[in-house]
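Please look over the chain shown here before reading on.

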Amino acid sequence: MARPPRIQLDDVPLHLVQRGHNRAACFFDDEDFEFYLHWLGAAIDEHECALHAYVLMTNHVHLLLTPARHECVANIFMSIGRRYVRFINKKYGRSGTLWDSRYRSSLVQADAYLMHCYRYIELNPVRAHMVQAPGEYRWSSFRANAQGERHPLITPHPLFRGLGKGLDERRAAYRELFGHHLSDDLLHTIRNALNHNKPVGNSDFLHKVEEMTNLSCGINPPGRPRSRK
């Protein structure tokens with residue numbers, strides 16, 4: 001069965017995830033995280049993408065970015081993957097693949113859903129019980145977005161800039177969003193859309209995307225469709 005096409009548009013945010021092959025580890029020490037971030041920065045500059053949030057977990061990566069041209073997103077993963085896999089294989093004397101062959105993507109409506117995806121990504125280490133608060137995890141964008149830590153890779157989305165008049169006000173408002181966890185329903189919505197390469201947003205947004213792409217934004221239940229008698 002052919003894989004469904006990814007739904008991506010120019011200048012519309014994307015939530016992206018790439019996992020280690022068979023969910024195995026892909027980062028092993030601090031140097032590995034630093035090497036990945038270095039080449040991520042080079043790739044987003046080369047392909048004109050604005051990175052808003054990220055988290056590097058031990059066996060997968062989440063990115064929230066806006067591409068100037070949607071077709072460049074695949075090139076970003078190819079560019080990083082080629083360099084990073086070569087680096088890891090040489091460093092650890094291994095061979096073969098490191099990542100799953102296909103990254104997943106979810107187009108994100110740039111309203112409340114975008115801020116939910118910011119939080120979903122940066123709260124990953126908390127949900128995984130690696131830390132108690134997102135600021136304790138080094139390999140995410142939370143310290144840049146919420147605490148003002150300098151980070152050359154991060155470009156605030158206009159919705160983020162709209163949280164306040166100045167930097168301090170924006171960061172304070174952003175930190176307030178982390179005062180409570182995402183609901184189970186919201187977690188399911190974001191995960192389900194991402195796992196099926198479908199957009200996340202309200203019905204008007206999904207209808208507009210369907211009209212623009214001529215692709216269905218609905219998520220079909222597992223199994224064969226019922227026969228009509």
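What follows is a short briefing on this chain.

This is a predicted model, in which local features need pLDDT of at least 70 and side-chain atom pairs count only at pLDDT 80 or more, while totals for chains, interfaces and linings use all residues. Residues are numbered from 1 along each chain as its sequence is written, and side-chain values use heavy atoms, with hydrogens and water left out.

**Overall fold**
- The chain holds 9 helices and 4 strands, where helices (H or I, at least four residues) and strands (E, at least two) are DSSP runs numbered from the N terminus.
- Starting at the N terminus, the order of the elements is β-α-β-β-α-β-α-α-α-α-α-α-α.
- The radius of gyration, taken over C-alpha atoms, is 18 Å, close to the 17 Å that the globule rule (2.2 Å times the number of residues to the power 0.38) gives for 229 residues, so the chain is as compact as a globular protein of that length.

**Burial**
- Of the 229 residues, 46% are buried, a term that means under 20% relative accessible area with a 1.4 Å probe, counting protein chains only.

**Strand β3**
- In strand β3 (residues 60-67), 8 of the 8 residues are buried.
- In a regular strand the side chains alternate between the two faces of the sheet.
- In β3, one side carries His60, His62, Leu64 and Thr66 and the other Val61, Leu63, Leu65 and Pro67, all of them buried.

**Partners of β3**
- Strand β1 (residues 14-19) runs antiparallel to β3 and is joined to it by 6 bridges, with Arg19 partnering His60; two strands pair if DSSP finds at least two bridges between them.
- Strand β2 (residues 49-56) is also antiparallel to β3, through 7 bridges, and Leu56 has Val61 as its bridge partner.
- β2 and β3 form a hairpin, with 3 residues between them.

Methods
Buried < 20%, exposed > 50% of the residue type's maximum accessible area, 1.4 Å probe, protein only.
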